[in-house]
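My entries follow the model itself.

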2 protein chains.
Amino acid sequence: MTVRPGQDAEQIRAQLGRQLGGRLGTGVVLFHAAIAERLGINVTDWRCLELLLRTGPANPTRLARHTGISSAAIAQILGRLERAGLVVRRPDPSDGRRTLVHAVSDPDRDRELGEMFTGLHQRVADLTSSFSDDQLAAIAAFTADLAEIMENEAAALRRRQPD
Amino acid sequence: MTVRPGQDAEQIRAQLGRQLGGRLGTGVVLFHAAIAERLGINVTDWRCLELLLRTGPANPTRLARHTGISSAAIAQILGRLERAGLVVRRPDPSDGRRTLVHAVSDPDRDRELGEMFTGLHQRVADLTSSFSDDQLAAIAAFTADLAEIMENEAAALRRRQPD
DNA sequence: CATCTTAGCTAAAAAATTTAGACAATTAGC
DNA sequence: GCTAATTGTCTAAATTTTTTAGCTAAGATG
């Protein structure tokens, strides 16, 4: 698809909505499934590990809330990740009930993960090379807020009329 | 996050890459999980149904290729969706081996699905209301191409060094 | 026509998730 | 300060989903 300057703004917004609900969602899921496969873990486990890598150590309850996974399932996931040497569980000194889960740092894996993302980064760089700085800034702002919107909308859907 | 015009373009691209690999992915997964939950089906089944609704009738093999799900799992999924009255399987007249899977049209469900997306659409409209037409067009072009990039990168990751 | 390939399916086995609940540490109420 | 309720994490059994292996029918290949 190319930029069509003459297009009506409402039409563009509608198109955007369909993209987000449809094909982009599938693409994102496929991409993360592929990363998990390469790491030799399943997608759910990767989601937890990714969260730990991105936001730092967290306790199981926080992981459960942020991923939408039940706390019992999180316990299983952490067991698998720990057995694979990808995370460690440490008691939280500030609260005896809590556990703090840390991603185990491993330069080799960091490099491997980096390589997996370079393809995506390169393609995104190619795609955005023709955009102006102003357009690029708008895109970055949009995707940043979009993540939050999707999280919030997901939470809203769960809350509203839980059938 | 807000648009920071003074920011270096490379920096913005790097930030964009992190967003796509990280939080946006999680948001998208959560959103689709919430929709599936509301429909009373699981996420995988929803991914197939969504594909059928978006791109029209397809055979199981095509569904398997586009979702990354094995053909045996697709058969199970279609069995569940068919039992739930959401799809029907019809023999393909042009090839006796093939099956064509149709999403069953249901005005009630279409309306329900529409409602689930209105929240997202509204938020996206709010978010983009401050953008210029030019910025909006750039965003729409970006997300459209992004979906394709993520699909391709996922396929590339699966192909390269399948460990 | 014999063989190979493709499309879709089923059944058994393996893996993941849910449900139910145990247990310890903390907090709240009295 | 003691008791009851709550919170955080975990385990075990039951359920659900996916994988693995392999079958059958239809179409393509030579």
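What rotation superposes chain A on chain B? I found a rotation of 180° with 0.0 Å of shift along its axis, at an RMSD of 0.1 Å. Copies are superposed by least squares on the C-alpha atoms of residues with pLDDT of at least 70 in both. The two copies are thus related as by a two-fold rotation axis. I also noted that the same surface serves both copies, since 99% of the contact residues of chain A recur in chain B.

I noted the ground rules next. This is a predicted model, where local features need pLDDT of at least 70, side-chain atom pairs count only at pLDDT 80 or more, and totals for chains, interfaces and linings use all residues. Residues are numbered from 1 along each chain as its sequence is written, and chains are lettered from A and ligands numbered from 1 in the order in which they are written.

Then I looked up the contact between the chains. I read that 72 residues of chain A are in contact with 71 residues of chain B (C-beta atoms, placed from the backbone, within 7 Å). On the side of chain A that touches chain B, α7(A) gives the most, with 23 residues. Helices here are DSSP runs (H or I, at least four residues), numbered from the N terminus.

I found 23 residues around it, and A72(A), G96(A), N59(B), T61(B) and A72(B) are the closest. Near means a C-beta atom, placed from the backbone, within 6 Å. α5(B) supplies the largest share of this surface, five residues.

Terms used. Two residues are in contact if their C-beta atoms, placed from the backbone, lie within 7 Å. Helices (H or I, at least four residues) and strands (E, at least two) are DSSP runs, numbered from the N terminus.
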